[in-house]
Amino acid sequence: METVLTVFAVLFLLLVGLGVYATVKAVGAARRGVDRTLAQARRTVEDHTLRAKSLAQPGPAGQIAQLRLTLRTSMRATQDALHAGAAEDESLKESLGLFARLSAHGQELDADLRRLESEPDRAALAALLPELRGRAERITRSADSLRWAARDRARRFADDDLDTLSTQIDVEAGALRHWTRAEEAAAGPAPAERPAARSITPPAARGYAPWQKKPRPESTT
């Protein structure tokens, strides 16, 4: 009896432990989802604010806002393209490492630009703009190069796969239309009132794609 109670106690503790673990995982996943949503909303608000500043503020202040907006847009687009491509192409893992190093420079420049947005000395700000613009252009040029290289690589693979698929389909279509001379001779001349017989094995029943019409049932009358 004591053994049975011990077994039940152990099972109960295991179930409680699994329940706690599942709850913690669920709470963690929900928290990460909320964090991602908040981060996305914050980025969207910051981008709209920078766009408004670049249009409304003349002079160095507006140029600083435009530099930040251009930098953030380029870096985010490259990050999304590389992460999407790396899921299917292992060769992009090294590119992700290079982009991580580039991101460190981009974040440093973005922080410098953010601090300079509140700089009251417009003359000093104007003197710093050429150097800041040069840094931003070098970073965005590198990010754009990585992004377009990844897209060109994905497009090239898609074109190669499509060429191979088209060739295979052409071969299969030719095979489906082939009738041997022996079968045509055995069938004899077809009467004028009925089409020539074809020695083709009827296709097996299969599922239909969304763009295909479902076959109509044959009439039994």
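I began with Leu-102, which is buried because its relative accessible area is 13% (buried is under 20%, exposed over 50%, partly exposed in between, with a 1.4 Å probe and protein chains only). The model is predicted: local features need pLDDT of at least 70, side-chain atom pairs count only at pLDDT 80 or more, and totals for chains, interfaces and linings use all residues. Residues are numbered from 1 along each chain as its sequence is written, and side-chain values use heavy atoms, without hydrogens and water.

**Entry 1: Leu-102**

I placed Leu-102 in helix α3. Which residues does Leu-102 touch, apart from those up to four places away in sequence? I found Met-75, Ile-139, Ser-142 and Ala-143 (contact means heavy atoms within 4.5 Å). I also looked up Thr-140, which is 38 residues from Leu-102 in sequence, while their C-alpha atoms are 9.4 Å apart in space.

**Entry 2: the whole chain**

I then turned to the overall make-up. The protein has 5 helices and 0 strands, in the order α-α-α-α-α from the N terminus (DSSP runs numbered from that end, helices being H or I of at least four residues and strands E of at least two). I noted that 20% of the 221 residues count as buried. The exposed surface comes to about 17000 Å², and carbon and sulfur atoms supply 60% of this area (Shrake-Rupley method, 1.4 Å probe). Of the contacts between residues at least 6 apart in sequence, 68% join residues at least 24 apart.

**Entry 3: α2 against α3**

How do α2 and α3 run relative to each other? Their axes come within 10 Å and cross at roughly 160° (axes are lines fitted to C-alpha atoms over the stretch in contact, with angles from 0 to 180 degrees between N-to-C directions). The two helices are therefore roughly antiparallel (over 145 degrees; under 35 is roughly parallel, 65 to 115 roughly perpendicular, the rest oblique). I recorded their crossing as left-handed (the near helix is turned anticlockwise from the far one by less than a right angle). The contact includes Met-75 and Leu-82 of α2, and Ser-95 and Leu-102 of α3. By class I have 12 nonpolar, 7 polar and 5 charged residues there (Ala, Val, Leu, Ile, Met, Phe, Trp, Tyr, Cys and Pro are nonpolar, Asp, Glu, Lys and Arg charged, the others polar).

**Entry 4: Ser-95**

I found Ser-95 in helix α3. Ser-95 is buried, because its relative accessible area is 16%. Leaving out residues up to four places away in sequence, Ser-95 touches Leu-82 and Leu-146.

**Entry 5: α2 against α4**

I went on to helix α2 (residues 60-86) and helix α4 (residues 122-176), whose axes come within 9 Å and cross at roughly 15°. That angle makes α2 roughly parallel to α4. The crossing of α2 past α4 is left-handed.

**Entry 6: Asp-89**

Last, I looked in the loop between α2 and α3 (92-116), where Asp-89 has its place. Is Asp-89 buried or exposed? Asp-89 counts as buried because its relative accessibility is 14%. Not counting residues up to four places away in sequence, Asp-89 touches Arg-153 and Phe-157. I noted 64 residues in sequence between the positions of Asp-89 and Arg-153, and 9.5 Å in space from C-alpha to C-alpha.
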